[in-house]
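Biologist: Hi! Could you walk me through this model?
Modeller: Happy to, here it is.
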Amino acid sequence: MSCDFLSFRRWRKQAKTLLCLAIGLMPLTAGACPRLVASGNPEYPPFLWQDPKNDHNLIGANADLMQLLAREIGVPIDVRYVGPWGRVQESAKNGRIDLISGAFLTQQRLGYMRYFQPAIRDTKSLIWSRESRHVNYQHWDDLVGLEGITVVNNSFGQAFDQFAATNLKVQQVGSIRNALQMLNLGRADYLIYEDAPGLAYAASLGIRGLRAASAPVSNEKLYLTLALASPCNNEQLAERISHAMKKFSDDKVMDALVEKNIRLWQQQSNSMRRAD
């Protein structure tokens, strides 16, 4: 009897271990997290922009990445337009969305978001100016005394953000479209914005005669983040996302997605100009 009892205890312990392992491998589709809602900067082609066929959704390289992530972790992900970039960040802070697909790392954002390594993409933030009033930019100090413009709640890295707050005059507006148009009209000396999105929007608006400085303001990494206030914020989900992001980085998935969505943005922009 004693041997039978010990065998039963060993069997029960092994069964419990196997059950825990099985639960760890099950899709995260039950309970409080049947699906995830992701958003991001909606004026950020080729990474994210509003779908012209359904303006409640976002499309782009980062949206495509979220669909690949959904398959990896076993949880559907909706990539939604929830408003301009500032509202997206507020939505993450309040737990109204779960993921931000594309955010720079700042000390303030660490207070309400979990960042995943490795990053989605490396980006460069540049100084844009008109050819007729070119800003000869090489260093941050070259911007002192000039009138700058950028999009509200944009970050260009912790170090530059602190320098700008102390030393520069930078007006913040609601959208990159407005910022580019104001720069084009001479209502600012320069625009601070990332390389690929700035070029994409200037082309779609038909704005010519803009020049980007060769020296970047900052080189920053674009991360996937999970809102700490999200009901889906748990270690099991975070671990699955981390494994998936490592796999995507190793396979250089974003290179193909960016290339594909540059072409898509250009096609849509050409179609809109022909329609006008």
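Modeller: One definition before we start: a disulfide here is a pair of cysteine sulfur atoms within 2.5 Å. This is a predicted model, where local features need pLDDT of at least 70 and side-chain atom pairs count only at pLDDT 80 or more, while totals for chains, interfaces and linings use all residues. Residues are numbered from 1 along each chain as its sequence is written, and side-chain values use heavy atoms, with hydrogens and water left out.

Biologist: Thanks! How many disulfides does a search of the whole structure find?
Modeller: The search finds one. Cys-33 and Cys-232 form it, with their sulfur atoms 2.4 Å apart.

Biologist: Which hand does the disulfide of Cys-33 and Cys-232 have?
Modeller: The torsion about their S-S bond is about 110°, so the disulfide is right-handed. Cys-33 lies in the loop between α1 (2-25) and β1 (36-39), and Cys-232 in the loop between β13 (218-227) and α8 (235-250), so the pair ties together parts that are 199 residues apart in sequence. Helices (H or I, at least four residues) and strands (E, at least two) are DSSP runs, numbered from the N terminus.

Biologist: And is Cys-33 buried or exposed?
Modeller: Cys-33 is buried, and Cys-232 is too. Buried means under 20% relative accessible area, exposed means over 50%, and partly exposed is in between (1.4 Å probe, protein chains only).

Biologist: New topic: why is strand β9 largely enclosed?
Modeller: Four of the five residues of β9 (residues 147-151) are buried, so the rest of the structure largely encloses this strand.

Biologist: Which strands does β9 pair with?
Modeller: β9 pairs in the parallel sense with β10 (residues 169-173) over five bridges, and also in the parallel sense with β11 (residues 190-194) over two bridges. Two strands count as paired if DSSP finds at least two bridges between them. Glu-147 has Lys-169 in β10 as its bridge partner, and Gly-148 stands opposite Tyr-190 in β11.

Biologist: What about an antiparallel sheet, which strands form it?
Modeller: β2, β3 and β4 do, as an open sheet in the order β2-β3-β4. β2 (43-44) and β4 (54-59) stand at the edges with a single partner strand each, so one side of each has no neighbour in the sheet. Between β2 and β3 (residues 48-51) there are two bridges, and Tyr-44 stands opposite Leu-48 in β3.

Biologist: Last one: how many helices and strands does the protein have?
Modeller: There are nine helices and 13 strands. Buried residues make up 46% of the 276 residues.
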